[in-house]
Amino acid sequence: MSASDTPARIAQRQKTRNRWLLSSPALLIVFVAAIGPLFVMLAYSFMAKGDYGGVKPWEFSTDGWFGVFFSRDIFDDTLTIADANVTIFLRSLRLSLLTTLITLAIGFPTAFFIATRPARMRDVWVFLITIPFWTNILIRTFAMQEVIRNEGIINTVLVATGITSEPVQILYTDWAILFGMTYVYLPLMVLPLYASMEKLDFRLVEAGYDLYANRIQVLRRIIIPIVKPGMIAGSILVFIPSLGAYVTPRVLGGGKNMMLGNLIELQFGAGRNWPLGAAISITLMVLVMVALLVYVRYAGRSGGQHHG
Amino acid sequence: MARSFDVKTQPGFALIAAFCFAALYLPIAVLVIYAFNAGESIAVWEGFSLRWFVTAMSNTAVQEAALRSVVIAVFAASIATVAATMAALATTRQGTYPGLSFKYAVLNQPLMIPEIVTAVALLIVFSRIKVWTGYTGLGYLIAAHTAFCIPFAYLPIRARLESMDSALEAAAADLYASPWQAFRRITLPLLKPGIMAGFMLAFVISLDDVVITEFVKSGGQETLPTYMLGQLRRVVTPEINAIATVFLAFSVLIVIMFFFVNRRKA
Amino acid sequence: MRVKRLLSAVAAIALLPAVAQAEGELNIYNWGNYTSPEMIKKFEDTYNVKVTITDYDSNDTALAKVRAGGHGFDIVVPSANYVPIWVNEGLLLEARPDQMENFKNVDERWVNVPWDMGRDYTVPWQWGLTGITVDTSVYKGDINTSSIFLDPPAELVGKINVAPEMNDVLFATIRYFGGEWCTTDKEVLKKVRDKLVEAKPKWIAMDYGTIEKFASRDYAAAYYWNGAAMRAREKNTDVRFGFPKEGFPFFMDSVAILADAKNPENAKLFMNFIMDPENAAMISNFAKYSNGIKGSEAFMDPAMKDAPELVVPSEFQEAGAFLQSCAPEVNEFYAKIWTDVNK
């Protein structure tokens, strides 16, 4: 028996094994049906593009990656940073951040409201949050069009009540995209928030009030630190998918300004440049992954300090 | 101690929640109203009629598509929720350990790639498998949906676990409960709201998916979203609204059932 | 357990055979909402064949899926400019529809087409064109010009929708400046890009689904397909369709049999079947585009027979051309212009 086989070590090893066993089904599924195929994409990003979509197998090329960062001016051949990609990326980033903030601002009170209902009613409220999403995204987006168009409900109310004299053009603007994305991603914020708020121990809150904290202080010092994991989860679930959003910008934004999802889609569609599409998406994934790991680490650490 | 106010409220929160529910249901109301439109439009009202429900009733293609969507969503969300719950238990409240960041990154990866890319990648891999095995059933769609549902189930469950303290489970262990007993009697009930949230999210995400389904589906495997995508370029009639309305009616029915079951339990 | 019972019920549904028993089968892969159910029913009853229809929403998706293999489809309906790609990549069966019984019904105009001379591979399904739709209660001037969306009159600014189709938009714009499709003339292309960048802020959207929006008067003009214009006119009688004199693209979707079809004989039966005037008329009555089969007019809805949108006036005949597939380098160039315009 070597010195390393102390009971503590054995227990530790068993624990490690259990952790891997427990997580293996999920890891396996993601590997088989999401990450594995991505290696194909990684390989594709280093191949020459096929004449009519696809790639030329085994013909090495870095044109795809080159196209992510640089662009040769189509008319005078000068080499510049790929400003079209940057513009589109920044627009996506801006709209996604705003969407995350708005869903948080609306979602937090809503989750709090649900979490403070009598226990047996909470599941019903959770259901009520998700019911609108049983109808699929396309038809929901069409219904949104109805609400925000010039003769739609919002404008009718605005004009009828005299708040504005003319209908406000919302449809086909960035505002419409923002409205639409907030709508589409709201449950992704509310549900994780609810999940971490549901067991909020109100004796802590009461203790806070007993110590003469006001409502804002109670919210900031007691409630938020406890539900922080939910806020993080919700923000991730809203922010990342909205970066690649495709349907909403298309239908509500009128498709005039691309977002990242549309840019990438173009490369796999009429643009017939699969390597560029693959390279853009891998770049996006790496950026998001790094941001995510940094964020989680930072958020996890600062979460502890608040308790002090 | 005299409590002069309810500790469970925050100023304005109920109002925002009310606004939130109103905003969620406003487009849904519009959608349901137009399901009863006599005209062919989803935007111009031409009088009341049930014709689109009749059309939908006789359109077997769209009924099969709707049923298929639900079947895929139930399978994918169930598998994803079970796998995600296990993964959440293994990656939460353990301190940091080697491999944790790796697992976390892997489990969230399906979020980070725009759908079209996963779709094309899956097309290439799955069609090879289809050729080799000759199997072209729903399994591919269920596998693909399960994979992208995992982060949606995992994150709420994990958030729930992180907000739980482990004192109760430790107490159970002190009382000689086996790890399995402790899990069944203590952890699982406490975890339930997280699992419920995760499952619901996974379910609606699967119901909604268009792009990946479009690329992975085999012949005859239309789902409701891909069926609608085909209509998008041509003309969209209130038939779709009628189908959505039936779906909504079903889900409301489930809520009512839920409500009564829970009330009886209480 | 409740959950278990529910799951097993669902499993039973999932495992049901997808296709009912029939003598033979036919798997059609076509654009969504494009295939007349009535016509399919008739085909099924005539030949005792079970037909399965699967939708796609773009030529590129269809091409990618079939190229990847393992699809199980027998028939596909690619657009004219894509047919040569399918043929060159060996994806299509040389079905020789020109030797089929009903081929005599095909309008001579659609026999010697550039993408399939003499029709060795494909038969016409439907054809149409992209042109100008205008609500004449808003604008009363000449509508037979691309300037409606490229240099819009003041009345129409902010009310124009343009189909989000790279090829159709670039085609009209290149022709607007006198260039030929697939041109690499940088002077022309620079004008094209600058014009599109300048015109885009004057459009309200680049979206599908114009019929609704003309009915609700959200749009007053569009660069869009003629079949949709006809349906928009049925909802809003002020709507008229213009044929841009500078140049406009035709499209034709053609039925082809896949090289690895499992039911090639049924597929050939189907090809022959849709060249029958009565059956072709069913297709048109459902999807509202012309079909290219002589004699089908007799079976068409009266509203379609006389629709001005579907008949190209002789003076504009010359302005129309089929979108060809440009060389890969040219396509790359066009995609860059398109990205530039849409950024």
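**Confidence, chain A.** I began with chain A, where confidence is lowest in helix α12 (residues 274-306), at a mean of 76, and highest in helix α3 (residues 83-115), at 93. I then looked at residues 302-308 of chain A, over which the pLDDT is below 50, and noted that this stretch has four contacts in the model beyond near neighbours in sequence. Where pLDDT is low, the predicted coordinates should not be read in detail. I keep in mind throughout that this is a predicted model. For chain A as a whole I wrote down a mean pLDDT of 85, with 95% of its residues reaching 70 or more.

**Confidence, chain B.** The mean pLDDT of chain B is 86, and 96% of its residues reach 70 or more.

**Chain A against chain B.** I looked up this interface next and found 86 residues of chain A in contact with 93 residues of chain B. On the side of chain A that touches chain B, helix α1 (residues 7-45) of chain A gives the most, with 17 residues. Sorted by class, that side of chain A holds 63 nonpolar, 13 polar and ten charged residues.

**Chain C against chain A.** Here 30 residues of chain C are in contact with 26 residues of chain A. The elements of chain C that give two or more residues to the side touching chain A are α3 (59-68), α6 (166-176), α7 (186-199), β8 (203-205) and α14 (328-342). I noted that α14(C) gives the most to this side, with ten residues. By class, the side of chain C that touches chain A has 13 nonpolar, six polar and eleven charged residues.

**The largest nonpolar core.** Which members of the 284-residue core touch the most other members? I listed A:Tyr194, B:Leu122, B:Ile150, B:Ala153, B:Ala202 and C:Ala221. Helix α3 (residues 60-91) of chain B gives the most to this core, with 18 residues.

**Domains of chain B.** Lastly, I recorded that chain B is divided into domain 1 (13-49 + 236-266) and domain 2 (60-234). The C-alpha centres of these two domains of chain B lie 26 Å apart.

Technical notes:
Residues are numbered from 1 along each chain as its sequence is written. Chains are lettered from A and ligands numbered from 1 in the order in which they are written. This is a predicted model: local features need pLDDT of at least 70, side-chain atom pairs count only at pLDDT 80 or more; totals for chains, interfaces and linings use all residues. Two residues are in contact if their C-beta atoms, placed from the backbone, lie within 7 Å. Helices (H or I, at least four residues) and strands (E, at least two) are DSSP runs, numbered from the N terminus. Ala, Val, Leu, Ile, Met, Phe, Trp, Tyr, Cys and Pro count as nonpolar, Asp, Glu, Lys and Arg as charged, and the others, Gly among them, as polar. A nonpolar core is a set of buried Ala, Val, Leu, Ile, Met, Phe, Trp, Tyr and Cys residues joined through C-beta atoms within 7 Å. A residue is buried if 20 or more other C-beta atoms lie within 10 Å of its own, exposed if 12 or fewer, and partly exposed in between; C-beta atoms are placed from the backbone. Domain bounds come from an automatic or database domain assignment. pLDDT is the predictor's confidence in each residue, from 0 to 100.
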